Amino acid sequence: MRLMPVVPAIAIAAVMALGNCNFAAADDRETCKTASGDAAIEACTRAIESKKYNGAKQRRVLSLLYTNRGVEYELKKDFEHAIADHDQAIKVDPKNAVAYMNRGNTDIAKQDYTRAIADYDQAVKLNPKYAEAFFNRGMAKRNHGDIGGGEEDIAQAKLLQPGIGAQQ
C-alpha cells in the first residue's frame, strides 16, 4: 500500500492554501482601499476577519480597514454601522486622524454638527496640516452658525492645500 506519498501531497496542499490566505488578505486589503460599495465592505470585512492585522505593528492598517469600511457604510446611509466602524478604528489606533475625520463626515451626514466639530478638532490636533479636516470643520462650523470660525478654518485649509473646496 502506498500511503506515504499522499501525506507530503496533503502537506504541500495545506501550505499552499495557507499561503493563499495571506495573498487573499493582502488582496482584500487593497480592494478595501480601492473598491466601493458592497465589494469594498466585503473585502474590508474579510481583511479584518483574517486576523492578519491584529498585531501591534499592524494597528494602523487594521484601523484604516475599519474606517474605510465605515466610509462605505456611510455612503449607503447606514450610519449606525459607519459610526461603529469609525469608533472601532479609533479604539484600535487613537492616533489615527483619518478615523476621526471620517467619523466627523458621518456626523455631518447625520446633521450632528457638534459631534462633527469635536471629531474634526481631534483630527486637526493629531495632524495640524490636515487640510481636509480644517475645511470640513469650517463647513460644519458654518452650518452650526459659527460663520467666523468656519471662515477661519476654510482659510487655513486653503493655505495648507490651495484649491481645496474649489468647484470641479
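**Figure 1. Accessible surface and overall fold of the protein chain in this predicted model.** The protein chain presents an accessible surface of about 10100 Å², and carbon and sulfur atoms supply 56% of that area. Of the 168 residues in the protein chain, 39% are buried. Among contacts with a separation of 6 or more, 46% are between residues 24 or more positions apart.

**Figure 2. The largest nonpolar core.** This core has 31 residues, and those with the most contacts inside it are Leu62, Leu65 and Ala123. Two or more residues come from each of the helices α2 (37-49), α3, α4 (79-92), α5 (97-109), α6 (113-126), α7 (131-143) and α8 (147-160). In soluble globular proteins, nonpolar side chains tend to be buried together. When neighbours within four places in sequence are left aside, Leu65 is in contact with Arg29, Cys32, Cys44, Ala47, Ile48 and Tyr53; two of these partners, Cys32 and Cys44, return in the view of the disulfide.

**Figure 3. Helix α2 and the residue that follows this helix.** Helix α2 has 13 residues, and the distance from its first C-alpha to its last is 18 Å, close to the 18 Å expected at 1.5 Å a residue. Its buried residues are Ala40, Ile41, Ala43, Cys44, Thr45, Ala47 and Ile48. After the helix comes Lys51, which has a positive phi, near 65°.

**Figure 4. The disulfide between Cys32 and Cys44.** The structure holds one disulfide, which joins Cys32 to Cys44 with an S to S distance of 1.9 Å. The pair links distant parts of the chain, since Cys32 lies in helix α1 (residues 6-34) and Cys44 lies in helix α2, 12 residues apart. The torsion about the S-S bond of Cys32 and Cys44 is about 90°, and the disulfide is therefore right-handed. Both cysteines, Cys32 and Cys44, are buried. A disulfide is a covalent bond between the sulfur atoms of two cysteines.

**Figure 5. Arg69 and its surroundings.** Arg69 is found in helix α3, which covers residues 59-75. The relative accessibility of Arg69 is 12%, and Arg69 therefore counts as buried, the cut-off for that term being under 20%. The side chains of Arg69 and Thr45 are joined by a polar contact of 2.8 Å, and Thr45 is itself one of the buried residues of α2. Apart from neighbours within four places in sequence, Arg69 is in contact with Ile41, Cys44, Thr45, Ile48 and Asp85.

**Figure 6. Tyr113 and the residues in contact with it.** Tyr113 has its place in helix α6, and a relative accessible area of 18% makes Tyr113 buried. Although Tyr113 and Ala140 are 27 residues apart in sequence, their C-alpha atoms are 5.7 Å apart in space. With neighbours within four places in sequence left aside, the residues in contact with Tyr113 are Ile108, Ala140, Asn143 and His144.

Technical notes:
Residues are numbered from 1 along each chain as its sequence is written. This is a predicted model: local features need pLDDT of at least 70, side-chain atom pairs count only at pLDDT 80 or more; totals for chains, interfaces and linings use all residues. Side-chain values use heavy atoms; hydrogens and water are left out. Buried means under 20% relative accessible area, exposed over 50%, partly exposed in between (1.4 Å probe, protein chains only). Contact means heavy atoms within 4.5 Å. Accessible areas come from the Shrake-Rupley method with a 1.4 Å probe; for residues, only the protein chains shown count as cover. Helices (H or I, at least four residues) and strands (E, at least two) are DSSP runs, numbered from the N terminus. A polar contact is a pair of N or O atoms within 3.5 Å; within protein, one must be able to donate a hydrogen and the other to accept it, and residues adjacent in sequence count only if both atoms are side-chain atoms. A nonpolar core is a set of buried Ala, Val, Leu, Ile, Met, Phe, Trp, Tyr and Cys residues joined through side-chain atoms within 4.5 Å. The expected span of a helix is 1.5 Å times one less than its number of residues. A disulfide is a pair of cysteine sulfur atoms within 2.5 Å.
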